[in-house]
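Reader: I am new to this structure and would like to learn how to read it. Could you take me through it step by step?

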Amino acid sequence: MATSLLANVLLATAMLIFGAWSPRAGVVTIAMLGGFIYVLGLLYRGNGSLLAGQGGG
């Protein structure tokens, strides 16, 4: 939860600094970032060989 809050605050701060403040753009950016992290998690956990190849066994 803290990471999510941090990402939102950093994004809002960056948008204000660069003069690109838009609530719609902020929501879209956070949604895309969340989706990207979700897909990475699925890819990483979806194939057990990634975890098994790290010395566990």
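Predicted model: local features only at pLDDT ≥ 70, side-chain atom pairs only at ≥ 80, totals over all residues.

Reader: Which element holds Ser4?

Author: Helices (H or I, at least four residues) and strands (E, at least two) are DSSP runs, numbered from the N terminus. Ser4 lies in helix H1. Ala7 is placed in helix H1 too, and with 25% relative accessibility Ala7 counts as partly exposed.

Reader: How many helices and strands does the protein have?

Author: There are three helices and zero strands, and the order from the N terminus is α-α-α. Of its 57 residues, 5% count as buried.

Reader: How do I describe the way two helices meet?

Author: Two packed helices are described by the angle between their axes and by the distance between the axes. Axes are lines fitted to C-alpha atoms, for helices over the stretch in contact, and angles run from 0 to 180 degrees between N-to-C directions. Here the axes of H1 (residues 2–17) and H2 (residues 23–46) come within 11 Å and cross at roughly 135 degrees. That makes H1 oblique to H2; angles under 35 degrees count as roughly parallel, over 145 as roughly antiparallel, 65 to 115 as roughly perpendicular and the rest as oblique.

Reader: Which residues make the contact?

Author: Contact means heavy atoms within 4.5 Å. H1 contributes Ala7, Asn8, Leu11 and Met15, while H2 contributes Ala25, Gly26, Thr29 and Ile30.

Reader: How far apart in space are Ser4 and Ile30?

Author: From C-alpha to C-alpha, Ser4 and Ile30 are 9.1 Å apart in space, although 26 residues apart in sequence. Ala7 and Leu33 are also 26 residues apart in sequence, and 9.4 Å apart in space, C-alpha to C-alpha.

Note on methods: Residues numbered from 1 in each chain as written. Heavy atoms only, no water. Buried < 20%, exposed > 50% of the residue type's maximum accessible area, 1.4 Å probe, protein only.
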